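This briefing is meant to be read with the sequence and the model open side by side.

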Amino acid sequence: MAVYFDHNATTPLCPSAREAWLDANNARWHNPSSLYRSAGEANIALNDARGVLADYLGCEAEQILFNSGATEGNHSLMAWAAERWPEGKIAISGIEHPSVREPAQRYFPAERRLELPVDEEGRVRLDALDGILGGGGVRFVSVMAACNETGVLQPWKEIAARCHAQGIVLHTDATQWIGKLPVGGLASDCDYVTGSAHKFGGPKGCGFLKIASENDAYAGQNGGPQEFRRRAGTQNVPAVLAMLAALEWADGESRRCAERIGLERDQFEREVCKVVPGTRIVGGKAPRLWNTTLLAMPDFEHVRWLTRLDRLGFQVSTGSACSSGDAGPSHTLQAMGVDFPTMKRVLRVSAGWQTRGEDWEALGEAFAATFADMASPKGRLSGQGIAADPRRL
Ligand code: PMP
């Protein structure tokens, strides 16, 4: 059995989510908009789930729109914001997920689009934010809560205060935060919040968008009355019920395990830095998610590391899952000022609630063995001790 260390890409279904999904597919599969009793029961279950999520986030049920996940939420929001403020500018951080970044590029012409720089640890620079907001014309800001690649947490409280002092609307993509860290004031401080079930033990293809208020002007998808006429399409009741079951589970597991796993992660980092001298932890000086580490290896391309670790039974990532099939460099690392050769040597390790201390230890040993193997004369001969050649990028 492989040991899974790619939870920021997706998580396995947790037991309670699986049960909720199966139960709902047996008993709550009707279209919640239909008029007979069984459909009404599905609709009640859907709205109960909405109420539970609203309580969890600290908002009104009418502010929750269920959808197919964070990509949809981010994309729809960007499309709507461009329409809502036809003259206004948008400012997004340089480390946003492609599902924010690419729709922003699509819907906002370059002269209406500003990039918020981050420091070398990957935190949005508040001084730069002040400058950009002070320049006028910005109506909408988007900064993720926690970075999928580095795990670095963003100062959303400070960002929200600065935006709101000037009447500017703030969106946070909280896909990697929700379920892993207490939600705190996140959903009340940020006007729009996107989240995704499969990052915290729920099913894929299910998520939500929290909008600014019950009377918000937000209009997403047309074509039906569902989700307060803001997001048309038959709701996936079993997936929503499974998402809520997963959130309850993840919240409990996070409280129970986060500290332990964070300490084990830190120990693992120390170990790798010892057995593979020259390893650097990207974003390692900033507050981070307890489950994530992004390692910049001193030698050998990440795909080579990944393949060998996989053979040894450890599943890690080269960065974000979404860009791992993509030859281009990570825009997140570029924004952090990481050079191209280093970008080709980063490995992301992201744990989950079931990750045990011995899994971290075994992974550390696998790193040591892999490095010894690749660095041996035979290993170097067989391949690519040429990772640092920027022409290969
Ligand atoms: N935002 C972030 C920060 C993510 O990590 C991801 C998933 N990689 C997404 C958005 C997209 O989420 P989904 O898979 O639900 O579309």
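Is the crossing of α9 and α12 left-handed or right-handed? In this predicted model, the crossing of α9 and α12 is right-handed.

**Helices α9 and α12**

- Helix α9, which covers residues 302–311, packs with helix α12, residues 357–375, at an angle of about 120°, and their axes are 10 Å apart.
- Angles of 65 to 115 degrees count as roughly perpendicular and those over 145 as roughly antiparallel, and α9 and α12 are therefore oblique to each other.
- On the α9 side the contact is made by Arg 304, Trp 305, Arg 308 and Leu 309, while α12 contributes Ala 366, Phe 367, Thr 370, Phe 371, Asp 373 and Met 374.
- Sorted by class, the residues of this contact between α9 and α12 comprise 6 nonpolar, 1 polar and 3 charged.

**Helices α2 and α8**

- Helix α2 (residues 37–57) and helix α8 (residues 237–275) have axes that come within 9 Å and cross at roughly 30°.
- Because angles under 35 degrees count as roughly parallel, α2 is described as roughly parallel to α8.
- The crossing of α2 and α8 is left-handed.
- From α2, the residues Ala 42, Ala 45, Leu 46, Ala 49, Val 52, Leu 53 and Tyr 56 meet Val 237, Val 240, Leu 241, Leu 244, Leu 247 and Asp 251 of α8.
- The contact of α2 with α8 has 12 nonpolar residues, no polar residues and 1 charged residue.

**Helices α1 and α8**

- Helix α1, residues 15–27, packs with α8 at an angle of about 160°, with the two axes 8 Å apart.
- Since angles over 145 degrees count as roughly antiparallel, α1 and α8 are roughly antiparallel to each other.
- The crossing in which α1 passes α8 is right-handed.
- Ser 16, Ala 17, Ala 20, Trp 21, Ala 24 and Asn 25 of α1 make this contact with Pro 238, Ala 239, Leu 241, Ala 242, Ala 245, Ala 246 and Trp 249 of α8.
- The residues in the contact of α1 with α8 divide into 11 nonpolar and 2 polar, with no charged residues.

**The largest cavity**

- The count of cavities of 30 Å³ or more comes to 1, and the largest cavity holds about 50 Å³ of space.
- The largest cavity is lined by Leu 65, Asn 67, Glu 72, Gly 73, Ser 76, Leu 209, Tyr 218, Gln 221 and Arg 231.
- Strand β2 (64–67) and helix α3 (70–84) each supply at least two residues of this lining, and the largest share, 3 residues, comes from α3.
- By class, the lining of the largest cavity consists of 3 nonpolar, 4 polar and 2 charged residues.

Key
Residues numbered from 1 in each chain as written. Predicted model: local features only at pLDDT ≥ 70, side-chain atom pairs only at ≥ 80, totals over all residues. Heavy atoms only, no water. Axes fitted to C-alpha atoms, helices over the stretch in contact; angles between N-to-C directions. Helix = DSSP H or I, 4+ residues; strand = E, 2+ residues; numbered from the N terminus. Left-handed = near helix turned anticlockwise from the far one by under 90°. Contact = heavy atoms within 4.5 Å. Nonpolar A, V, L, I, M, F, W, Y, C, P; charged D, E, K, R; others polar. 1 Å grid on protein atoms, 1.4 Å probe; cavity = no way out; pocket = protein on both sides within 12 Å on 5 of 7 lines; lining within 4 Å. Points joined across faces, edges and corners; volume = space filled by probe spheres on them.
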